[in-house]
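Have a look at the model, then read on point by point.

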Amino acid sequence: MKRVVDVSIPLGPVHPCWKEPARVKCETRGEKVLSAEVELGYMKKGIERIMRGRPWQEVMFLAERVCGICSVIHNMVFIEGMEAVSGITVPDRAAYLRVVMNELDRIQSHLLANFSYCYTIEHETLAMYLLNTRERAMDCMERIAGVRVNKAYMIPGGVRFDLRDTDRALLLADLAHLEDSVHRYGRMFDTGPLIATRSKGVGILMQEQARIARAVGPTARASGIAEDVRLTHPTYRKLAFTPIVRTEGDNHARIMLRFDEIFQSLGLIRQCLHDLPAGPIRGGGTCGAGETVSRGEAPRGELSYFIRSDEYGRILDIAIRTPSIPNIDACTHHMLPGVTSLADVTSVFVSADPCIACNER
Amino acid sequence: MVQSIFWYLKEFLRGPWIHAFLFAKTAPLVTPSYFREYPSLTEKECTHCFTCRMICPAPGAIEVLQEGGTWHPVIHRGHCLRCGLCVEACPEGVLASGRILQWQEEDRTSFAATFHIQVDHATCMRCGNCCVSCPVNKEQDPQMASGGHSANNEVIMKISSGRHTVIHEERCVGCRTCEGACPNSAIRVARVVEGLQGVAEG
Amino acid sequence: MSLLQDAKNWVRSRSIHVAYVDVGSCNGCDIEILACLAPRYDIEQYGIYVHNNPREADILLVVGAMTPPWVERLPALWAKIPAPKAAIAIGNCPVSGCVYNRRETYILGPVAKYIPIAAEVPGCPPRPTEILSAVLAVAPTVFRDYEVNRS
């Protein structure tokens, strides 16, 4: 089919708005985007190839380094997969601490995503507020695990470090502060008139389109699909988790959904800290042979690891499916076509929170 | 439009904002004491058991070297991930990083490991590099010649009657020196590590 | 002449424009550079301005383990930066390849093979304070008396 196209505009791979190298090619007529295509391959390191033949203590670090922003969930899903394969049970205290760490990571990832969006629509004040708030979440994690990014917190059979009572009190104080600031900035975003012109009704992803593209995570939940892998996770089920859903499906809904999920995560952490049972943090147990698919809800959506291991717990075969793959597809094929201004292309792309490092590994 | 001007005016006329604007000062750039820095040496004596090398997830990050008659681990910056596993795994407490050592004593956490040597006889060339490079073999039989032959039966592995033979697998410390020395990647050491708590070390 | 040079030295130590390029990292170092922008670290109070335009930059922060597509693109990007310029490798990846530097990997590191690296900040990832102090330490020494040293 022949189409009339004015200009085909490439954005990237090095672009002031992209944090990572990716090229988005937009076919435009005037300012209107007719179709978009994403071109990847700048970040392929072959992590799954490197993982083969290695024991958990090495693969754990490689799994974390699939994505530095949501490293905790990669660690968690891989370790839970190894535990399922080898029949290791986790002490209750460790299971709760894992949820605390995971939700803290989700908070900082969502704050970073919202920062990127505000930065892309040139609302630098709000962006800097959010980035500074994120530092507080990073402090919480640093106090528990001793490091800011790539924490290596979970091991088969438990976690590495316990939560001290002094740190628990500090964590609760920080959570209260986080809630205050996120509440304020969330309201700023929700009611800001200039933000609304850049966000409301831009980059709409309808529910059917989201289903066709198999969108996951906040991108799908902002389009009215109530899917969250945390619903099937045993520890989250104890905490009576229910996903948040919005139906608008535009940029504004996606960002507001992330703000709402931050409050939900704060609630989950408080609940965990309240229910935190006493006891050991490591149960021991060696990894063995088996095959499984382990799933978890990353900040960007459903993450799954297919794992096959040999009798000494070494990885024979591994396949990682990260949430950014369907989300980038949903973004380029369903959100970007029909965008009325080229200036919105970057903000629509960033609002889906694509993680290129996750995507290519 | 007018509404947004008022909004910004309201935002910037808050007392805390004006105070922060006039007296902006970043906190001094300090690293908190609990940060997992590069492992540093404590006063304790290293027994060159190679546990740190065994557990290290990064290639080329840690070496155990002999200098002036004493052994001590050396951390290579640019390779080390600051994961702190070596600090946790070291049975002697030679390394320290952040609060790991203190927490480990309080929680009585440790790592236990077993090792299994696997040789692919189809690709093994019987060159004996693994047997010669093995640090445990070197202690048992310092005379071991370049072919990996030895009269000593206390070594972990040797080349005997034209075949790579593993004699004492239980003596392996999992340092992976043999994997690095093998030209064909025929030898593999499986390290089965488990995290424990409340078990006396040793 | 020397007065002019002194003025240039002073200006260059107070106004450092930074671009960063991600040549295949895990995002860990990437977001630590972003965190430097946060008011807590406030990179701009030292006159460091981060924007991703190589044509305006003085310092290039290289993040990542050098994947094959960047082998020809990184030197091209480096050529676009006007002199005087310096590149700083952030994190373990550009220095050694970090955990990716193993059998069966795709990476073609280290970055120093392709462009001259003035300084390295090891760590996986380095803290924002480490990145900040590295940029502050490198910029004045590299750009000092640039015109004199060139002739």
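1. How many helices and strands does chain A have? Chain A has 14 helices and eight strands; these are DSSP runs numbered from the N terminus, helices being H or I of at least four residues and strands E of at least two.

2. Before going further, please keep in mind that this is a predicted model, where local features need pLDDT of at least 70, side-chain atom pairs count only at pLDDT 80 or more, and totals for chains, interfaces and linings use all residues. Residues are numbered from 1 along each chain as its sequence is written, while chains are lettered from A and ligands numbered from 1 in the order in which they are written.

3. The radius of gyration of chain A, taken over C-alpha atoms, is 20 Å, close to the 21 Å from the globule rule for 361 residues, so chain A is as compact as a globular protein of that length. That rule is 2.2 Å times the number of residues to the power 0.38. Along the principal axes, the C-alpha atoms of chain A fill a box of roughly 65 × 45 × 35 Å.

4. Finally, chain B has a mean pLDDT of 81, with 96% of its residues at 70 or more; pLDDT is the predictor's confidence in each residue, from 0 to 100.
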